[in-house]
Amino acid sequence: MKTKWHIQLLVYTLIVLGALAFLFPFVYMIMTSFIKGAYSLPRPREVFSVIPNLYNYQLVWSKNNFARYFLNSSLVTLVSMAGSLFLGCLTAYGFARFKFPGKEFLFRTFLLTMMIPGVINIIPQFLIIKSFGLVNTYWGLWLIYIGGGVVGSTFFLRGFFESIPKEYEESVLIDGGGSWRIFWNIYLPQSMPAIATLAVLSFQGTWEEYFTALVIIKDEAMRTLPIALLMFNDKYATNYSWVFAASIIALIPTVLLYIIFQKRFVQGGFNEGGVKG
Amino acid sequence: MMHAKCWIIVAFIVLMVSGCGQQSIISEDSSVERLNSGNDYEIEFWHTYSDEETRILEDILIPAFEREHPQLHVVPVRQSNDPELKYTLISKASANRAPDVVRMDIAWIPEFSQSGLLLPLSDYGDFDDVIKLLQSNTGSAGYYEGSYYSLPVNMNTKAAIFNKALLAKAGLSEPPSTFQEVIELARKHRYMIGLGGMESWLSLPYIYALGGRITNDSYTRATGYLNGEATVKAVEELYSLYEDRLIDQSVINGGGDNWEGVKSGNILVTDEGPWFYSVLQGEELKRAVSSTIAVPFPPTYGPSSILGGEDLVILNGSKNPNQSWEFMKWMVSKEAQVAMSQTGIIPTNLEAKEIKVKGESFIHPFAEALDHTFLRTPVKNWSRIDEVYTAYMSKIFQGELSVKHGLTEAAAKIDQLLEQ
């Protein structure tokens, strides 16, 4: 049955209006970042008459140690992302495919830690990191980020791994492969859509993380990007063009990662046709 | 088999390389005693200077200080300016693990000094000689029970900034001399007043200029002052302007764009600090200077310019208080203050202030206003008093309470806070 044209029109109007409502603040932010010196939020007339330029972007890159903190954040985030994904995949594989005593209890304990808000954890985490002598080091930060990330990744991937047919494993075993081979050549490639999603989530979570970084890192030169962004908020007169330009630069890696992995999200059916019947 | 070997080699290399990460086998290098270094001291200095100010601090001030005092080393740590910093400092000072010197907001000083978190500076023999060189009224925030706990390092206040064209349209070449006349002018020509919000920093200059007060002069009682006749009249005046839409309706939610409003002629007057001009450059600065005229809030009923700025303090638990004092003295010296004033902040050192005022024309009204300032109630509970004041002012402007009723309730609550 064909939908009537006026219903279609209504639906499309709603969709377009919805999209505009979501896009408007973002476009406003981008346009404001082109204005020279917006010390209060500019009016739409000013915002939409501005000519795009990179003046503020060049300026903020050299301000408030922005470039340095950008690189610091890149290092912290990439290692955390790789670590939490790799360990998360291994743990999920263990939970999905091996039988061992207390498995479900352990898994539920994992889940329980996810229910506790991060702020409550901060003091015990700090004390543990301090007893390891890792305060003011990226190792301390990685330990918390990876430790926190593994739980989420495990929860997310376990179900995904369990949906992969066991027949694949059997075929590897017949050919002489072991558990590692099954994990590396069957589970990882089959789970790319899930892993890509997790990669973006993990990247975003660490890239924007402020509170733990502030607590663990004392050295000014080792601070991360969210702290640099905060420095643009001046006590007396905040230049919103700089705040927005800096925020947009900070957004670029997440957007790029999303674009890179976007295809993976929609790609399905890897294992279709792999098993007979 | 080959694969397994490769993995072993990779793992071995990773282990070996990770060993290179730590160049020293000593984990806390700074805590190790050294030969011939018995007289070296480290001063940890926390501040909230902006990016440009931090550059002057790190590239000019600290190197110059360290040249004069080769045994003293200043470690500057820039912090973002937010309430969290205050709580961090309170907890660190309470645990005796604070940085040595902190540059903090003048409004925080009474809370810190009256909680016993600061070291008294007036115990130093040369304190009086140092304070003599600074603007006298700025030091009062740090005074508590016979001692001074802070050293003002830069100061500011807010002036009344008028739109020149609107004044000219009303046949005036300069702003009226009392705030009552300003309001009459606004009513007559339906000019807007750019009140920025309900918080004390934003609304008190207007209320003080109209004769209002929060407490008595010894800061012990609000009842009879905040709900006194003069303050009630002042707030009623502002509220009626709000009702007549001569104060923007968004004032309860943080206010509108008063900067652009006063420059473009949509607003007759607003209140702002010297940064209204100093953050601008080139054409923007020219436009601000040519379209506006700044004057001190009229001191008709006594000082009505609100005092702001930052003071240097030594927190409890400072490892090197005497050396910290040396650094603080350097920071308020003429040389250091002149260098820092390039960024637009107003020095507390009188000589440096003179140089600054001569150098930049727009600073003059602010420097003049700084001679007639009032302090936000310098008591331990000031931040809570400010919350009560703001909440009741908002209720009054939202029409929930009458002016008299709202201010009386607020005064009673503030009295309790003053007693604590």
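## Annotated spans of chain A

Helices are DSSP runs of H or I with at least four residues, and strands are runs of E with at least two. In this predicted model, residues 182–203 of chain A are 95% helix and 0% strand. The end C-alpha atoms of that span lie 27 Å apart. Residues 139–161 of chain A are 100% helix and 0% strand, with 30 Å between the end C-alpha atoms.

Both spans carry the annotation "transmembrane region" in an unreviewed UniProt entry. According to that entry, the annotation also covers residues 9–31, 69–93, 105–127 and 240–261 of chain A.

## Domains of chain A

Domain 1 of chain A gives 12 residues to the contact, and domain 2 of chain A gives 10 residues.

## A helix pair in chain B

Two packed helices are described by the angle between their axes and the distance between the axes. In chain B, helix α9 (residues 229–243) packs against helix α17 (residues 382–397) at an angle of about 50°, and the axes are 10 Å apart. Because of this angle, α9(B) is oblique to α17(B). The crossing of α9(B) past α17(B) is right-handed.

On the α9(B) side, the contact is made by B:V235, B:L238, B:Y239 and B:Y242. On the α17(B) side, B:M393, B:I396 and B:F397 take part. The residues of this contact between α9(B) and α17(B) comprise 7 nonpolar, no polar and no charged.

Methods:
Residues are numbered from 1 along each chain as its sequence is written. Chains are lettered from A and ligands numbered from 1 in the order in which they are written. This is a predicted model: local features need pLDDT of at least 70, side-chain atom pairs count only at pLDDT 80 or more; totals for chains, interfaces and linings use all residues. Side-chain values use heavy atoms; hydrogens and water are left out. Axes are lines fitted to C-alpha atoms, for helices over the stretch in contact, and angles run from 0 to 180 degrees between N-to-C directions. Angles under 35 degrees count as roughly parallel, over 145 as roughly antiparallel, 65 to 115 as roughly perpendicular and the rest as oblique. A crossing is left-handed if the near helix is turned anticlockwise from the far one by less than a right angle, and right-handed if clockwise. Contact means heavy atoms within 4.5 Å. Ala, Val, Leu, Ile, Met, Phe, Trp, Tyr, Cys and Pro count as nonpolar, Asp, Glu, Lys and Arg as charged, and the others, Gly among them, as polar. UniProt positions are given in the numbering used here, feature names are shortened, and annotations may be inferred rather than shown by experiment.
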